[in-house]
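This briefing covers a single structure for a reader with the sequence and coordinates at hand. The points below are grouped by topic.

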Amino acid sequence: MRAVTIGISLAATVFLVTLSIPAFRAQHEVEVLYPSPGLTRVFRLSEINPHLKGTGGDTDVYLYDSGKPGGSLLVLGGTHASEIASPLVVILMVENLEVKAGRVFLIPHANASAASHNEPQEAHPQYLEFETAGGPRAFRFGARFTNPVHQWPDPEVYVQPQSGATLAGIETRNLNRAYPGIADGNLTERIAWAITELIRREEIDLAFDLHESSPEYPVVNAIVASETSQDIASIAAVSLQIDGLDFSLEPSPYGLHGLSHREWTDHTNTLPILLETANPAMGRLRGRTDAELAIVGKDERYVTAARNGLLYVPFDSEGIPIEHRIGRHLAAIRAIVSAYNELLPERGIQIGGLPDAAALMENGFGRYLAPPQ
Ligand SMILES: [Zn+2]
């Protein structure tokens with residue numbers, strides 16, 4: 001009798017696993033982007049680190065070279081692929097950016113492996129769909145960590161190689177604990193090394209790492225800057241505040257290693273900035289989780305939490321829609337680039353073609369995406 005029960009459960013498991021294979025495989029498909037006319041070149045990150053060739057961590061780097069003298073800017077989306085505004089900001093930039101001085105490097109999926117799966121037991125949607133002028137386009141909602149299909153098993157304890165700090169084993173697959181990286185290390189370390197090396201080789205002056213966090217996490221609606229980028233971050237925070245967009249300024253900690261802003265400061269000459277917006281689909285206090293929560297951002301439980309003083313961002317019945325979060329990121333990037341231009345005019349970076357927060361709210365994100373071909 002027991003053997004029969006085991007047999008039936010095994011058969012049911014195999015059946016369910018087989019059913020879900022196409023959905024898992026589909027998330028490895030990278031969405032097609034339609035770059036703006038300013039694009040000069042697309043290359044793979046494995047051009048910088050050949051140890052990434054043929055792995056799930058290899059990804060596209062979009063270069064916009066104005067051909068005019070100036071500095072170089074790098075923007076990373078998707079370090080944590082569940083922080084969905086982050087890759088979407090960079091995708092919008094890929095499809096709309098104009099560069100009038102200097103060069104801009106864009107990486108929509110910094111951890112491409114993390115975009116290829118989503119987190120177990122979170123009920124996150126697999127895709128978010130947006131209506132463009134010529135039909136809908138869908139984008140993957142990924143995970144915080146490198147896909148275990150690409151890097152496995154995790155150690156019991158992750159010892160951060162440069163600092164010797166000990167973290168939970170799963171952090172071995174966290175790109176934002178892997179900097180400055182190791183050229184032939186594990187997949188996450190290879191990606192981190194390639195990005196650090198891109199910054200060094202291309203003499204990137206200003207580098208952004210875009211993130212989101214939950215509304216109840218203290219570092220939210222924040223600009224994180226190191227000792228070298230604090231000046232431009234504070235000038236930008238004031239001008240953003242005048243425009244009605246409050247950002248807290250957070251210093252890059254000296255003692256916490258593996259983080260982009262910390263290690264880029266210590267290992268390259270770039271001025272590093274990390275940005276955070278509030279994503280209700282990531283929070284622990286959230287209610288029903290679906291694509292609508294990630295896009296529209298309305299949640300009654302968060303309204304209650306805000307009323308009880310449990311959040312670090314305002315939250316009312318209007319929620320925090322994706323357009324507001326993307327608009328905040330773009331506004332912060334513009335304000336920081338402009339502060340940088342004031343301080344270092346001889347290596348200025350002039351960018352345009354990007355909507356402001358109000359226009360995004362009015363028109364919707366899909367309005368800034370090319371129609372699917
Ligand atoms: Zn993050």
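Is alanine 123 buried or exposed? Alanine 123 is exposed, because its relative accessible area is 54%, above the cut-off of 50%. The model is a predicted one, and the values below are computed from it.

**Backbone features**

- Alanine 123 lies in the loop between β5 (103-107) and β6 (127-132), and its phi is positive, at about 60 degrees, although it is not a glycine.
- Asparagine 221 also has a positive phi, near 45 degrees, and sits in the loop between β10 and β11 (222-225).
- Asparagine 221 counts as buried, because its relative accessibility is 12%, under the cut-off of 20%.
- Tryptophan 152 and proline 153 are joined by a cis peptide bond with omega of about -5 degrees; proline 153 belongs to the loop between β7 (135-140) and β8 (157-159).
- A cis bond also runs from tyrosine 179 to proline 180, with omega near 0 degrees, and proline 180 is placed in the loop between β9 (166-168) and α3.
- As background, most residues other than glycine have a negative phi, and most peptide bonds are trans.

**Zinc site**

- The zinc ion has as protein donors His80 (ND1), Glu83 (OE), Glu83 (OE) and His211 (ND1), at 2.1 to 2.4 Å.
- Along the chain, these donors follow the spacing H-x2-E-x127-H.
- Glutamate 83, in the loop between β3 (72-76) and α2 (85-96), and histidine 211, in strand β10 (residues 206-213), are 128 residues apart and link distant parts of the chain.
- Glutamate 83 is buried, with a relative accessible area of 2%; histidine 211 likewise counts as buried, at 2% relative accessibility.
- The arrangement is irregular because the 4 donor atoms subtend angles of 58 to 149 degrees around the zinc ion, whereas a tetrahedral assignment requires all angles to lie between 85 and 135 degrees.

**Helix α3**

**Nonpolar surface patch**

- Phe15, Leu16 and Leu19 make a nonpolar surface patch of about 350 Å².
- Leucine 19 is located in helix α1 (residues 2-26) and counts as exposed, at 56% relative accessibility.

Conventions: Residues numbered from 1 in each chain as written. Predicted model: local features only at pLDDT ≥ 70, side-chain atom pairs only at ≥ 80, totals over all residues. Heavy atoms only, no water. Donors = N, O, S within 2.8 Å, 3.2 Å for Na, K, Ca; no water. Tetrahedral: all angles 85-135°; square planar, octahedral: opposite > 155°, others 65-115°. Helix = DSSP H or I, 4+ residues; strand = E, 2+ residues; numbered from the N terminus. Buried < 20%, exposed > 50% of the residue type's maximum accessible area, 1.4 Å probe, protein only. Patch = residues over 30% accessible without salt bridge, like charges linked within 9 Å, V, L, I, M, F, W, Y side chains within 5 Å. Areas by Shrake-Rupley, 256 points an atom, 1.4 Å probe, with all protein chains shown as cover. Salt bridge = Lys/Arg side-chain N within 4 Å of Asp/Glu carboxyl O.
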